[in-house]
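I keep these entries as a record of what I looked up, one topic at a time.

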Amino acid sequence: MTLFMLIGACYGVWQLAVLSSWTRTVRLSALFLTVAVGLYGAGVLTVFLQLLYTNGVAAVTDTPLSEVVRTASYTMDPLIEEIVKVAPLALLVLLHKRIRAQWGLTDYVLVGAATGAGFTLAEAILRYSDEAYNVTGGPFSGWTEASGFSLTYFPGLPTILTSWVPAPVAFGDIFSGSAAVATNPHLVLSALGGLAVGLMFRGGKWILAGVGLMAYVWADHATFNYRVFKPEGAGLVGLLSGPFEFLNKADWLYPLIALGIASYLDYQRLKAGKLATADVATSVPLTSFATKGLPWTAMVAWRFALVRRNLYFAKAAGADTAELNEMVRSSRTQIDTWNSTEAWRCAKLPLTNPPGAGGIRAHWPVLVSLILLVPGLFIFAVGSIRLPSFIVDILVSPLMAPIVLVLSLVSLVWLAWQVVLTVRSLPQQRSVPIADPIARGDLRIINGCGAFAAGAIALFIALVGDGPHGPVFSPTHILDALGSSTALCILAIMFVAMALFLLFPGGGLALALGGLGGGGGMAPALAALVLVFGLGGLALGDGGGGGTDA
């Protein structure tokens, strides 16, 4: 069940990425890392700030905490959440001029939406990751949980794949027969928030438009929470609730509107950048080159197209593009030179470090990470899958708790070390004149730090509080998802964070084309393109992030 929550959250991001393929430059691996940022970074920071605010106000004003929480739910909490969800995006853009110059507004929308999807996933996992024995259904029909007159619905795979930006969880009641599939609430609002950040960074007349759009996002979130709690005398929020309730019926349009505006404005900049850099146009259409040696030439063509857009955006923004222009122009020359089927006939499956090279020692970091992931997978399995009773008895036995806690401590140390390694690799990643490896390096650090903080807090509570099955926070907190989660659940999420360092490694070319071989050696076309793309991290390689994503 938890796996399908993850699929639902990521599927909406994938849908937006596909729709924006004509103007985006950010790659899918960066977007999926951003989903994790919403889970670990934004989720953890939001909890801290909301706890700080509600408890601080209650202490200063002598107001009961429950009343402060209730009022904050439709005033300050939505503001905190919406600001925190776009904070990673704003941080990336503030820290790196290269990202600021090379990203278009479409990239801002996608990164904002991905963070929102991760935030929704955090709430869903913390609330429902242990509900497998309270639901009926299966992976195709979905799962349903009844509580009084209310229904909670967890979409199955067919429903997810046929829905638009689906939420991991939907709600309904017994009178309608079943719960309706909902739109991912944080994704749609954060798509607007990402556009707002992009407009503000454009400066000039766009700043006011960005601030106004961010205010709209807050008002939408605040009025939704207002309708849930239904307080009396809510002032401005109460007055806005009616109009926003009407607008919420079409909230599925928010990401489409954001992408439409962003794509239109990006298209204008891309045209200007293309006119200023005519020397990087290929002699044949990229679509023709892409078919010469499938799947590798298609990957090369797509990566080249994304990085060339980076150049167009940077040129239109007036940034220094000498180094990037030279890389793209050199890559264009190689593509024109090796634009034939014969040149790619020898290309084979990537194998940068075959098992025979170095034996197990060469792969021990991966093996350690996989071993440490096992407890987290077991914890999620107990609550997400109906396992045989004897397996459940073993997994929930008192003997397993200390084993999980010991492995949690080891995992925290290992996770911290992986973050250190990523930090040490940053200079190498930033030596490449493109934005993608810089963004992914920073995203991995945010994920690692957020997961470490959550894991450390959960481990502390499990050791000195109510034990691993005790609640992490008081359920009076507005994020009642955290009130219903246990320390073991948080530890499981921390375990899974380590998978990010396996799926999106920080160094080397991994499964990029830099490791392709052919026959007794590399194909001539491949060797030439690896020299340009692989070492430069331009299209075939990552410049610090492995993978063969889009």
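Which residues of helix 11 are buried? I work from a predicted model, where local features need pLDDT of at least 70, side-chain atom pairs count only at pLDDT 80 or more, and totals for chains, interfaces and linings use all residues. Residues are numbered from 1 along each chain as its sequence is written, and side-chain values use heavy atoms, with hydrogens and water left out.

**Helix 11.** I list Tyr254, Pro255, Ala258, Leu259, Ala262, Leu265, Asp266, Leu270 and Gly273 as its buried residues. Buried means under 20% relative accessible area, exposed over 50%, and partly exposed in between (1.4 Å probe, protein chains only). Helices (H or I, at least four residues) and strands (E, at least two) are DSSP runs, numbered from the N terminus. I then looked up the partners: the buried residues of helix 11 pack against helix 1 (2-19), helix 6 (105-128), helix 8 (185-202), helix 9 (206-229), helix 10 (236-247) and helix 13 (296-316). Contact means heavy atoms within 4.5 Å. I also checked the length of helix 11 (residues 254-276): its 23 residues should span 33 Å at 1.5 Å a residue, and the end C-alpha atoms are 33 Å apart, which agrees. The expected span is 1.5 Å times one less than the number of residues.

**Cores.** I looked up the nonpolar cores, each a set of buried Ala, Val, Leu, Ile, Met, Phe, Trp, Tyr and Cys residues joined through side-chain atoms within 4.5 Å. The largest has 62 residues, and Met5, Leu31, Ile99, Trp103, Phe154, Leu187 and Leu195 have the most contacts inside it. Among the helices that each supply at least two residues of this core are helix 2 (28-61), helix 4 (76-95), helix 11 and helix 18 (435-464). Helix 6 gives the largest share, twelve residues. A second, separate core of 22 residues includes Val300, Phe304, Ala305 and Val432.

**Aromatic rings.** How many aromatic pairs does a search of the whole structure find? I get six. Rings of Phe, Tyr and Trp (its six-membered ring) pair if their centres lie within 6.5 Å; planes under 30 degrees apart count as stacked, over 60 as edge-to-face and the rest as tilted. The pair Tyr11 and Trp14 is stacked, because the ring centres are 5.7 Å apart and the planes are at 15°. Tyr11 and Trp14 are three residues apart in helix 1, so about one helical turn separates them. Tyr11 is buried at a relative accessible area of 16%, whereas Trp14 is partly exposed at 38%. Tyr74 and Tyr226 are edge-to-face, 5.9 Å centre to centre with 80° between the planes. Tyr74 lies in the loop between helix 3 (65-72) and helix 4 and Tyr226 in helix 9, so the pair ties together parts 152 residues apart in sequence. Tyr74 and Tyr226 are both buried. I also note one aromatic cluster of Tyr216, Phe244 and Tyr254.

**Positive phi.** Asp62, in the loop between helix 2 and helix 3, has phi near 60°, a positive value in a residue other than glycine. Is Asp62 buried or exposed? Asp62 is exposed, with a relative accessible area of 69%. Val165 is not a glycine either and has a positive phi of about 35°. Val165 sits in the loop between helix 7 (157-161) and strand 4 (170-173), and at 0% relative accessibility Val165 counts as buried.
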